[in-house]
Amino acid sequence: WRGWEGAPYSTLVPSDEVTINYRHGLPVITLMLPTRSERCQFTVKPVVTTVGAFLQDVQREDKGIERAEVFATDGSKVSDATLMEVLLMNDFKLVINNTAYSVSPPVKDKLNSEHATEMEDIKSLVHRLFVALHLEDHQIRKERELLQKVDHLKEELLPLEQMKARIMNSADAKTSRLLWVGLALMSTQGGALAWLTWWVYSWDIMEPVTYFITYGSAMAFYAYFVLTKQDYIYPHAKDRQFLHYFYRKSKKQHFNVERYNKLKDDLAEAEESLRRLRQPLHLRLPIQEISDKD
């Protein structure tokens, strides 16, 4: 008699040499080890154990086994990646060295609805226990990753923060000087108008001059609104001038404002994620979902 791959087999052993029974819901495969000449039981977990893992367990139990394979009844070889749950649904042939065993798995009784519900409850409980046992490790690992990310972002931001502080001080000083210059010009203008009114000319001559100065100032404020789409409010005007000086100075000193803002946003996000992660650690509550944009 020849095997499915052309290799000669000395015997084809009846199915009672390899038996399969169910104990506590798990299949127990009993077979005769050829070298040790003793029967050995293998308990498998059908939903996680593969055919390859089962065959490795058999070869590990008996070092004299040089070949272990599984074939379907039509002669096709069963892949090692196939789950035992799938294999045990139909008859198959187990080949060990030169001996082929015909195996007929027993038909499992169909679970009634009550038992099926109980099994689902058990699976759910096992899943919750697994999560509870491994959640703390996951949180500690995630906390370590976030701490490393925060430290790395702070190291990148440190030279940028120092450069930004110097640029802001320079821009603030220029803006303050501009405000004082504006005050000085307004004071000079007021003094000049008073001198011309009382010492050089009379009010009848200076009245039209002051009117056109006022009208010119109104035109300047309107032009400011046309260009900026904002009213001329002193704090807003000061902020605009500060930003103008800041960006001009940043360009001269090659300060990348976009990169700085991106690093600040990443740092704020990492610190917020770390805060949310540490809160359930202290309160012993389930962790909130944290989005990974890493």
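This is a predicted model: local features need pLDDT of at least 70, side-chain atom pairs count only at pLDDT 80 or more; totals for chains, interfaces and linings use all residues.
## Overall fold

The protein has 294 residues, and 26% of them are buried. Its secondary structure consists of 6 helices and 7 strands. In sequence order these elements follow the pattern β-β-β-β-α-β-α-β-β-α-α-α-α.

## Annotated spans

An unreviewed UniProt entry carries the annotation "transmembrane region" for residues 178-197 and 209-227. In the model, residues 178-197 are 100% helix and 0% strand, with 28 Å between the end C-alpha atoms. Residues 209-227 are likewise 100% helix and 0% strand. For residues 209-227, the end C-alpha atoms are 27 Å apart.

## Nonpolar cores

The largest nonpolar core has 25 residues. The members that touch the most others are Leu-31, Phe-54, Val-70, Phe-92 and Leu-94. At least two residues each come from β3 (26-33), β4 (38-43), α1 (51-61), β5 (68-72), α2 (84-87), β6 (92-96) and β7 (99-103). The largest contribution is that of α1, with 4 residues.

Beyond its neighbours within four places in sequence, Leu-31 is in contact with several residues, including Phe-54, Val-58, Leu-94 and Ile-96. Other contacts of Leu-31 include Glu-17, Val-18, Glu-38 and Arg-39. A second, separate core has 16 residues, among them Val-150, Leu-153, Ile-167 and Phe-246.

## A residue in strand β5

Phe-71 is located in strand β5. Phe-71 has a relative accessibility of 1%, below the 20% limit, and therefore counts as buried.

## Aromatic pairs

There are 6 aromatic pairs in the structure. One of them joins Tyr-211 and Phe-212, with ring centres 5.3 Å apart and planes at 75°. That angle is over 60 degrees, so the pair is edge-to-face. Tyr-211 has a relative accessible area of 53% and is exposed, and Phe-212 is exposed as well, at 57%.

Phe-246 and Tyr-247 form another edge-to-face pair, with 5.6 Å from centre to centre and 90° between the planes. The two partners fall into separate accessibility classes: Phe-246 is buried, at 8% relative accessibility, whereas Tyr-247 is partly exposed, at 46%. Both residues belong to a cluster linked by ring pairs, together with Phe-242, Phe-255 and Tyr-260. Phe-246 is also a member of the second core.

## Pocket and cavity

The second largest pocket has a volume of about 710 Å³. It is lined by 21 residues, and those closest to its centre are Gly-182, Met-186, Phe-221, Tyr-232 and Tyr-234. Three helices, α3 (113-200), α4 (203-228) and α5 (234-252), each supply at least two residues of the lining. The largest share, 8 residues, belongs to α3.

The model has 2 cavities of 30 Å³ or more. The second largest cavity has a volume of about 40 Å³. Its lining is made up of Lys-174, Tyr-245, Arg-248, Lys-249 and Lys-252. Most is contributed by α5, with 4 residues.

Most residues other than glycine have a negative phi. Which loop holds Lys-229? Lys-229 lies in the loop between α4 and α5. Its phi is positive, at about 60°, although Lys-229 is not a glycine. The relative accessible area of Lys-229 is 62%, which is over 50%, so the residue counts as exposed.

His-254 also has a positive phi, near 60°, and is a residue other than glycine. This residue is found in the loop between α5 and α6 (257-283). His-254 has a relative accessible area of 71% and is exposed.

Notes: Residues are numbered from 1 along each chain as its sequence is written. Side-chain values use heavy atoms; hydrogens and water are left out. UniProt positions are given in the numbering used here, feature names are shortened, and annotations may be inferred rather than shown by experiment. Rings of Phe, Tyr and Trp (its six-membered ring) pair if their centres lie within 6.5 Å; planes under 30 degrees apart count as stacked, over 60 as edge-to-face and the rest as tilted. Buried means under 20% relative accessible area, exposed over 50%, partly exposed in between (1.4 Å probe, protein chains only). A nonpolar core is a set of buried Ala, Val, Leu, Ile, Met, Phe, Trp, Tyr and Cys residues joined through side-chain atoms within 4.5 Å. Contact means heavy atoms within 4.5 Å. On a 1 Å grid over the protein atoms alone, a cavity is a set of points where a 1.4 Å probe fits but cannot get out, and a pocket is an open set with protein on both sides within 12 Å along at least five of seven lines; lining residues have an atom within 4 Å of a point. Grid points are joined across faces, edges and corners, and a volume is the space filled by probe spheres set on the points.
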